[in-house]
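Reader: I am new to this structure and would like to know what the terms used for it rest on. Please take me through them one at a time.

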Amino acid sequence: MSTTMKIAWASLLVGFAVLGLKTLAYALTGSVALLSDALESLVNVVTAVAALIAIRVAAMPADDNHPYGHHKAEFFSAVLEGVMIIIAALLILREAITGLMNPQPLELPLMGIVISLIATVINAVWSRVLIRVGQRERSPALVADGRHLFTDVVTSAGVIVGVVLAMTTGWWLLDPLVAIIVAVNILWSGAKVIRESLSGLMDEAVSPETMALIHRVIASTGEGAVEAHDVRTRHAGRATFIDFHLVVPGDTTVFHAHEICDRIETGLRQALGDVRITIHVEPEHKVEPIADIVFD
């Protein structure tokens, strides 16, 4: 089982544990703010299941129907996660508005705060693990899950502060007000996840920093070529697709041109990991007036 799959399974177990703790905190207190926190954890569990399925699909090898692989499955998972986050925020708003119209004192608030704090610490540690592993393994689903979980940590901290203030001041109106703030923050988080995931589905190019790295690698490994132009990129899950035109001297043999291409491809794979490279070799008269890379 791959590292990504192991982390996805562990994320599901952590999600169930945190959901149980936050549901208990709400049941003990009747706090609308703690209910909002529990609803967000329910979304975490649903999206962890979606991420697990997406990662399994994305890991499937290329086949006749999907010759470029199944990498984009992870982006669908991330879009689903964004939608679920927004739905949770709307549910929280509904409960918060009801509580705002009829604020109620909380039962056993101190015990609820302690339980919620334990769940928040678990989420804080796990969100860092998800983001770190997701970035290392180039898994959009894990990174999206980790960022959402970190948002959950921030909102949970706000919820705890709000409940503490309501308990110490007796201003029970603070409880639904905090829930509304949580809902707005979650809406923003869901919109961000959807926007970033759609960029991958639309074959968005790699970042300027990664493109600059690609240019440097081609320039340093393409000795024997004249220039490279029309360098294009896109990313799908952990895979990066690169294609460009490589101009070689007119008297270059097929064997020598192939050696140059092999050298460039090796350099790109060492620098970027999982890359799919297409190089179109052209003779010298195909030189472009404006090239991406000119070899000395």
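**Terms and values**

Author: Pro249 sits in the loop between β2 (239–247) and α8. Helices (H or I, at least four residues) and strands (E, at least two) are DSSP runs, numbered from the N terminus. The model is a predicted one, in which local features need pLDDT of at least 70 and side-chain atom pairs count only at pLDDT 80 or more, while totals for chains, interfaces and linings use all residues. Residues are numbered from 1 along each chain as its sequence is written, and side-chain values use heavy atoms, with hydrogens and water left out.

Reader: Why is Pro249 called partly exposed?

Author: Buried means under 20% relative accessible area, exposed over 50%, and partly exposed in between (1.4 Å probe, protein chains only). Pro249 has 22% relative accessibility, so Pro249 counts as partly exposed.

Reader: Which residues is Pro249 in contact with, leaving aside its neighbours within four places in sequence?

Author: Contact means heavy atoms within 4.5 Å. On that basis Pro249 is in contact with Gly224, Ala225, Val226 and Glu284, its neighbours within four places in sequence being left aside. Trp171 is 78 residues from Pro249 along the chain, and their C-alpha atoms are separated by 80 Å.

Reader: Where does Gly224 lie, and what makes Gly224 partly exposed?

Author: Gly224 belongs to the loop between α7 (208–221) and β1 (227–236). Its relative accessible area is 30%, and therefore Gly224 is partly exposed. Gly224 touches Pro249 and Ile260, not counting residues up to four places away in sequence.

Reader: How is the packing of α7 and α8 described?

Author: Two packed helices are described by the angle between their axes and the distance between the axes. For α7 and helix α8 (residues 254–272) the angle is about 145° and the axes are 9 Å apart. Axes are lines fitted to C-alpha atoms, for helices over the stretch in contact, and angles run from 0 to 180 degrees between N-to-C directions. The crossing of these two helices, α7 and α8, is right-handed. A crossing is left-handed if the near helix is turned anticlockwise from the far one by less than a right angle, and right-handed if clockwise.

Reader: Which residues of α7 and α8 meet?

Author: On the α7 side they are Thr210, Leu213, Ile214, Val217, Ile218 and Thr221, and on the α8 side Ile260, Arg263, Ile264, Gly267, Leu268, Ala271 and Leu272. By class, the residues of this contact of α7 with α8 are 9 nonpolar, 3 polar and 1 charged. Ala, Val, Leu, Ile, Met, Phe, Trp, Tyr, Cys and Pro count as nonpolar, Asp, Glu, Lys and Arg as charged, and the others, Gly among them, as polar.

Reader: What makes α1 roughly antiparallel to α4?

Author: The axes of helix α1 (residues 3–29) and helix α4 (residues 109–137) cross at roughly 165° and come within 9 Å. That angle makes α1 roughly antiparallel to α4. Angles under 35 degrees count as roughly parallel, over 145 as roughly antiparallel, 65 to 115 as roughly perpendicular and the rest as oblique. The crossing of α1 and α4 is left-handed, and their contact has 18 nonpolar, 7 polar and 3 charged residues.

Reader: Why do Asn123 and Asn44 count as buried?

Author: Asn123, in helix α4, has 2% relative accessibility and so counts as buried. Asn44, in helix α2, has 5% and therefore counts as buried too. Asn123 touches Val18, Lys22, Asn44, Leu149, Asp152 and Val153, residues up to four places away in sequence not being counted.

Reader: How do you know that Gln135 is partly exposed?

Author: Gln135 is found in helix α4. Its relative accessibility is 48%, so Gln135 counts as partly exposed.

Reader: Which residues touch the most other members of the largest nonpolar core?

Author: They are Ile92, Val159, Val163 and Ile186, in a core of 26 residues. A nonpolar core is a set of buried Ala, Val, Leu, Ile, Met, Phe, Trp, Tyr and Cys residues joined through side-chain atoms within 4.5 Å. Another core, of 22 residues, lies apart from the largest one and has Ile218, Ile260, Ile277 and Ile279 among its members.
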